[in-house]
Amino acid sequence: MLATYSTGEANGRPPILIAHGLFGSARNWGVIAKRLSDTRQVVTVDMRNHGASRHLGPHDYPAMAGDLAEVIDAYGGVADVVGHSMGGKASMVLAVSRPEMVRRLVVADIAPVAYSHTQQGMIDAMRKVDLSSVETRGDADQQLAKFVEDQGVRAFLLQSLDVKAKAWRLNLDQLEADMDAIIGFPEVSGVFEGPVLMLSGAESDYVQHEHRPEIKQLFPAARFAKIPGAGHWVHAEKPREFEGACRVFLDG
């Protein structure tokens with residue numbers, strides 16, 4: 001099973017399961033999980049090939065959805081699910097393939113479509129860091145800055161660096177091998193009739209108006225909302241607003 005982290009009390013209501021995006025980890029969601037745990041049990045996971053979870057293939061959405069189903073099974077069999085980016089795609093495949101396990105679904109800034117932009121450049125950049133010479137996170141940041149200009153993106157990637165072990169907590173080889181599957185979306189059959197919130201950053205271009213037919217085909221009850229001033233990393237850029245929108249929807 002995936003590495004899981006639980007906060008808050010199980011109180012008879014389904015837990016909230018949070019699935020992070022590519023190169024992320026459960027720890028990226030610590031603040032939001034803590035806030036939502038005042039009324040619910042919240043379970044964050046490290047997706048396969050990330051964080052403390054197993055390194056194994058394939059890294060595709062049916063496999064990731066199966067991992068999430070295992071976690072939900074261990075926490076009572078039904079959950080409200082929040083998934084961002086890659087985790088959002090895995091959550092959508094889970095909801096369509098195992099609808100009995102998902103009560104409500106929040107999909108953060110991703111659509112059930114194939115995208116053309118690859119994340120291979122990030123893998124290349126991480127591989128170029130000479131980990132043998134890294135003694136502090138600052139050392140790694142200095143090296144990474146030669147290849148990744150955005151300080152926020154570097155800080156995000158460096159959360160997956162184990163400085164003491166001089167190793168990335170990411171299975172870069174597997175993620176590279178399955179990059180087409182990660183930016184794609186599998187053929188799925190079925191429909192999730194339950195409540196779905198497609199929650200996007202207003203400044204992001206990941207969820208387009210032309211994606212709505214595909215979304216509605218799989219999720220006929222889907223509602224759409226945007227958080228002003230946020231891009232793709234909507235939960236990190238506007239955590240209060242993101243948490244508030246999730247709380248209102250999941251408590252509905």
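Tyr61 is buried, because its relative accessibility is 1%, where buried denotes under 20% relative accessible area, exposed over 50% and partly exposed the range in between (1.4 Å probe, protein chains only). Phe185, at 19% relative accessibility, likewise counts as buried. The model is predicted, with local features requiring pLDDT of at least 70 and side-chain atom pairs pLDDT 80 or more, whereas totals for chains, interfaces and linings draw on all residues. Residues are numbered from 1 along each chain as its sequence is written, and side-chain values rest on heavy atoms, without hydrogens and water.

Rings of Phe, Tyr and Trp (its six-membered ring) are paired if their centres lie within 6.5 Å, and planes under 30 degrees apart count as stacked, over 60 as edge-to-face and the rest as tilted. Five aromatic pairs are counted by this rule. Tyr61 and Phe185 form a tilted pair, because their planes stand at 35 degrees, with the ring centres 6.5 Å apart. This pair links distant parts of the chain, 124 residues apart: Tyr61 belongs to helix H2 (residues 61–74), and Phe185 to the loop between helix H8 (179–183) and strand E8 (196–201). Helices (H or I, at least four residues) and strands (E, at least two) are DSSP runs numbered from the N terminus.

A tilted aromatic pair is also formed by Tyr115 and Tyr206, at 5.4 Å centre to centre and 40 degrees between the planes.
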